[in-house]
Amino acid sequence: MVEIKRKVEISFGTNSSQFEYIKENIQGLVEKFNFNHQQLSNILDLPINELENLMNNKGSISNE
């Protein structure tokens, strides 16, 4: 049986903050695949209110 890992480690080689990097990538998914916030919330396993706060430059991002 294949084990699914739920941890991802990201390293940054950019002048953008971690927050901006993640936000830009989420926006790319929205544009490329025409996802709405509810779909992304389910895909990313992130509560909809946290996703919307992220996209509206509110709240914070944890390592989890």
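Which residue just after α3 takes a positive phi? It is N57, with a phi of about 60°, and the tour below leads back towards it.

Before selecting anything, note that this is a predicted model, in which local features need pLDDT of at least 70 and side-chain atom pairs count only at pLDDT 80 or more, while totals for chains, interfaces and linings use all residues. Residues are numbered from 1 along each chain as its sequence is written, and side-chain values use heavy atoms, with hydrogens and water left out.

**Stop one: the core.** Select I26, L40, L51, L54 and M55, the five residues of the largest nonpolar core. Such a core is a set of buried Ala, Val, Leu, Ile, Met, Phe, Trp, Tyr and Cys residues joined through side-chain atoms within 4.5 Å, where buried means under 20% relative accessible area, exposed over 50% and partly exposed in between, with a 1.4 Å probe and protein chains only. Helix α3 (residues 48-55) gives the most to this core, with three residues; helices here are DSSP runs of H or I with at least four residues, numbered from the N terminus.

**Stop two: helix α3.** Now select L51, L54 and M55, which are the buried residues of α3. They lie on the same side of α3 because they cover an arc of only 95° around the axis, the arc being that of the directions from the helix axis to the C-beta atoms. These buried residues pack against α1 and α2 (37-44).

**Stop three: M55.** M55 is buried, with a relative accessible area of 13%. Leaving aside neighbours within four places in sequence, M55 is in contact (heavy atoms within 4.5 Å) with K23, I26, Q27 and H37. If you also select F19, which is 36 residues from M55 along the chain, the C-alpha atoms of the two are separated by 9.7 Å.

**Stop four: K23.** K23 is buried yet has no salt bridge, and the nearest side chain of opposite charge, E20, is 5.0 Å away; a salt bridge needs a side-chain nitrogen of Lys or Arg within 4 Å of a carboxyl oxygen of Asp or Glu.

**Last stop: S41.** Finally, select S41 in helix α2, which counts as buried at 7% relative accessibility. Not counting residues up to four places away in sequence, S41 touches L46, P47, I48 and L51.

How values were computed
Helix = DSSP H or I, 4+ residues; strand = E, 2+ residues; numbered from the N terminus. Lys, Arg positive; Asp, Glu negative; His and termini not counted.
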